[in-house]
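Here are my notes on the model you passed along. Have the coordinates open while you read, as the points go residue by residue.

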Amino acid sequence: MKKGKKRVLVGMGGKVMVIVMACVLAMAYCTGCGEVNSQGMPSSLSDRNGSIKTEDGTLSAGGSFADMVSESTMENMEKSQLQEAGKLIRSVALELETKAFEETMAVLETQVRNVGGYIENMEAYNGSNYSGSTRSRYSNMTIRIPADEMERFLSSVSDVGNVIRRNESAKDVTLSYVDMESRRDTLRTEIDRLLTFLDKADSVETIIALEERLSQVRYELESMESKLRTIDNLVEYGTVNLQITEVKELTPVEEKNTVGDRIVDGFMSNLREIWDGFMEFCIWIVVNIPYFIIWIVVIGAVVICWKGFRRRRRLAKEKKKEAEQN
């Protein structure tokens with residue numbers, strides 16, 4: 001019984017020694033950390049103004065740890081929602097044929113306004129008869145359409161003309177947008193801290209250094225916000241590059257034809273081209289008749305003058321020859 005009691009006492013004594021050593025180590029750690037300030041942070045990690053020293057040696061403005069955790073949590077939630085929503089920049093290129101150029105242009109401009117879009121850039125050519133041959137009218141347009149109205153607008157474009165080419169692309173800028181937003185938030189936080197330190201600065205050198213850094217950070221913030229606004233605009237409004245050409249005949253939809261059908265189609269197409277060329281030549285002749293008349297008069301006058309000159313020269317030679325014989 002005595003030996004059993006001794007073993008129990010020895011075991012309890014070992015546990016007591018372990019607890020005592022743990023307390024000593026804890027006290028030594030607290031002594032090494034120094035005093036604790038009013039915010040519950042060791043004084044070695046904070047300055048006299050209550051600002052926290054970061055690992056890179058910079059000072060961060062005061063604030064409770066709960067507030068910082070709450071802000072970080074909210075930022076992470078916003079980024080997660082943004083990643084789920086996605087940021088897509090959509091671009092569409094269309095080539096459109098039409099037989100009624102003016103009517104098609106008027107309808108398209110009306111449809112752009114109806115969907116809440118706008119024409120960013122437009123180049124139009126209304127044709128020319130200067131050379132005697134009528135050139136096709138065309139227009140190149142850059143149109144910005146709200147992203148949620150894009151399909152409706154593209155469907156309306158297909159209704160007013162013959163779409164012969166369509167090229168569509170979508171660029172995902174979600175990750176870069178999130179990174180830029182994080183950088184923007186960091187710059188805003190740095191500005192707030194710099195303003196806080198600027199209010200507490202007590203030397204001219206410190207004030208000058210803080211103001212220089214504040215100007216740099218504000219410039220970077222303005223540039224970052226401008227880039228974010230540009231991306232927001234590109235995401236909210238898709239881009240449609242539309243090329244409209246006036247034609248006499250719309251391009252037919254390609255189908256799987258037999259060899260005979262292809263021969264007939266090619267033969268008839270060549271006949272139409274020959275006929276169109278002949279008609280253009282006739283029109284060119286009729287249109288340029290005034291020029292032909294002028295050239296005929298000029299050439300006729302030159303010929304008459306040349307013949308008169310040669311006749312006078314021949315008569316002079318004959319008179320000279322008769323004089324020499326007499």
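1. Ground rules. This is a predicted model, so local features need pLDDT of at least 70 and side-chain atom pairs count only at pLDDT 80 or more, while totals for chains, interfaces and linings use all residues. Residues are numbered from 1 along each chain as its sequence is written, and side-chain values use heavy atoms, with hydrogens and water left out.

2. Confidence. The protein chain has a mean pLDDT (the predictor's confidence in each residue, from 0 to 100) of 76, and 70% of its residues reach 70 or more. Over residues 1-74 the pLDDT is below 50, and this stretch has 40 contacts in the model beyond near neighbours in sequence; contact means heavy atoms within 4.5 Å. Where pLDDT is low, the predicted coordinates should not be read in detail.

3. Overall make-up. The protein chain holds eight helices and seven strands; these are DSSP runs numbered from the N terminus, helices being H or I with at least four residues and strands E with at least two. Of the 326 residues in the protein chain, 21% are buried. The cut-offs for relative accessible area are under 20% for buried, over 50% for exposed and in between for partly exposed (1.4 Å probe, protein chains only). Among contacts in the protein chain with a separation of 6 or more, 73% come from residues 24 or more positions apart.

4. The cores. The largest nonpolar core has 18 residues, and Ile-143, Ile-145, Phe-153, Val-240, Leu-242 and Ile-244 have the most contacts inside it. Two or more residues each come from β3 (88-98), α3 (101-114), β5 (138-146), α4 (150-160) and β7 (237-246). Another core lies apart from it, with nine residues that include Leu-187, Phe-197, Leu-214 and Leu-221. A nonpolar core here is a set of buried Ala, Val, Leu, Ile, Met, Phe, Trp, Tyr and Cys residues joined through side-chain atoms within 4.5 Å.

5. Not counting residues up to four places away in sequence, Leu-242 touches Leu-94, Leu-96, Leu-108, Ser-139, Asn-140, Met-141, Ile-143 and Val-157. Ile-145 sits in strand β5 and is buried, at 0% relative accessibility. Leaving aside neighbours within four places in sequence, the contacts of Ile-145 include Val-112, Met-150, Phe-153 and Val-240. Ile-145 and Val-240 are 95 residues apart in sequence, yet their C-alpha atoms are 7.4 Å apart.

6. Helix α3. The length checks out: at 1.5 Å a residue its 14 residues should span 20 Å, and the end C-alpha atoms are 20 Å apart. The expected span is 1.5 Å times one less than the number of residues. Phe-101, Thr-104, Met-105, Leu-108, Gln-111 and Val-112 are buried in α3. They cover an arc of only 130° around the axis, so they lie on the same side of α3; the arc is that of the directions from the helix axis to the C-beta atoms. These buried residues pack against β3, β4 (118-125), β5, α4 and β7. On the face turned away from the buried side, α3 carries exposed Glu-102, Arg-113 and Asn-114. Just after α3, Gly-116 takes a positive phi of about 85°.

7. Helix α4. Met-150, Phe-153, Leu-154, Ser-156 and Val-157 are buried in α4. Their arc is only 160° around the axis, so they too fall on one side, the same side of α4. The cover over them includes β3, α3, β5, β6 (162-172) and β7.

8. Helix α5. The 27 residues of α5 should span 39 Å at 1.5 Å a residue, and the end C-alpha atoms are 40 Å apart, which agrees. Leu-198 belongs to α5 (residues 174-200) and is partly exposed, at 21% relative accessibility. Leaving aside neighbours within four places in sequence, Leu-198 is in contact with Ile-207, Leu-210 and Glu-211.

9. Cysteines. How many disulfides does a search of the whole structure find? Zero, with a disulfide taken as a pair of cysteine sulfur atoms within 2.5 Å. Cys-282 is partly exposed, with a relative accessible area of 29%, and Cys-305 is exposed at 56% relative accessibility.
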